Amino acid sequence: MLLFFTAVTALLAYSFMEPLLYLTGASDNTITYAKDYLTIYLAGTVFVQISTGLNSFISAQGRPGIAMLSIVIGAVMNIILDPIFIFGFSMGVKGAALATIISQAASAVWVLSFLFSDRAGLKLDRRHLKLDMKIVLSVLALGISPFVMAITESIVGTVV
């Protein structure tokens with residue numbers, strides 16, 4: 001479900017990129033940079049969603065140190081890679097986006113490697129990754145209220 005919603009979100013963002021960027025504060029002077037960054041970033045959104053979306057499964061297993069380490073891996077790699085890609089490879093804002101994707105991919109690999117390993121209390125198993133519509137509908141029913149609350153808060157924060 002995480003991968004499905006990531007794909008839907010990325011496709012919507014690609015489809016409405018320019019209006020969304022203007023809505024969130026881009027100007028005629030910055031729109032080119034914003035589009036360059038977002039185009040590359042959206043290609044790697046799956047890594048961001050895996051690392052952040054599955055990180056809570058690590059925390060829920062009573063392993064906050066492992067969960068924190070996944071965030072630290074992404075952050076430290078991004079700090080190191082940003083100047084290399086921006087200045088060293090003269091990529092500018094595109095380099096910053098690429099550095100972010102690579103950093104989040106490393107974090108996603110860390111999260112997945114832990115969750116598929118024997119170190120996890122509740123280990124992910126490929127056999128249980130099939131979608132069961134009864135479970136999907138239950139998850140959607142439970143998640144719709146927090147989703148609506150989060151999206152309205154985001155809209156209010158953006159408008160105000």
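Which residues are exposed on the other side of α1? They are Phe4, Leu11 and Ser15, where exposed denotes over 50% relative accessible area, buried under 20% and partly exposed the range in between (1.4 Å probe, protein chains only). The model is predicted, with local features requiring pLDDT of at least 70 and side-chain atom pairs counted only at pLDDT 80 or more, while totals for chains, interfaces and linings use all residues. Residues are numbered from 1 along each chain as its sequence is written, and side-chain values use heavy atoms, leaving out hydrogens and water.

**Helix α1**

Helices here are DSSP runs of H or I with at least four residues, numbered from the N terminus. The 14 residues of α1 (residues 2-15) should span 20 Å at 1.5 Å a residue, and the 20 Å between its end C-alpha atoms agrees with this; the expected span is 1.5 Å times one less than the number of residues. Buried in α1 are Thr6, Ala10 and Ala13. These residues cover an arc of only 65 degrees around the axis and therefore lie on the same side of α1, the arc being that of the directions from the helix axis to the C-beta atoms. The buried residues of α1 pack against α2 (17-23), α3 (31-43) and α4 (45-53), with contact taken as heavy atoms within 4.5 Å.

**Loop residue Ser90**

In the loop between α6 (64-88) and α7 (92-115) lies Ser90, which has a positive phi of about 50 degrees although it is not a glycine. Ser90 is exposed, its relative accessible area being 63%.

**Pockets**

A pocket is an open set of points on a 1 Å grid over the protein atoms alone, where a 1.4 Å probe fits, with protein on both sides within 12 Å along at least five of seven lines; lining residues have an atom within 4 Å of a point. A volume is the space filled by probe spheres set on the points. In the classes below, Ala, Val, Leu, Ile, Met, Phe, Trp, Tyr, Cys and Pro are nonpolar, Asp, Glu, Lys and Arg charged, and the others, Gly among them, polar.

| Pocket | Volume | Lining by class |
|---|---|---|
| Largest pocket | about 1,200 Å³ | 23 nonpolar, 8 polar and no charged residues |
| Second largest pocket | about 880 Å³ | 16 nonpolar, 3 polar and 4 charged residues |

Of the 31 residues lining the largest pocket, Phe5, Thr9, Leu12, Phe147 and Ile151 lie nearest its centre, and the largest share of this lining, 12 residues, comes from α8.

Notes
Helix = DSSP H or I, 4+ residues; strand = E, 2+ residues; numbered from the N terminus.
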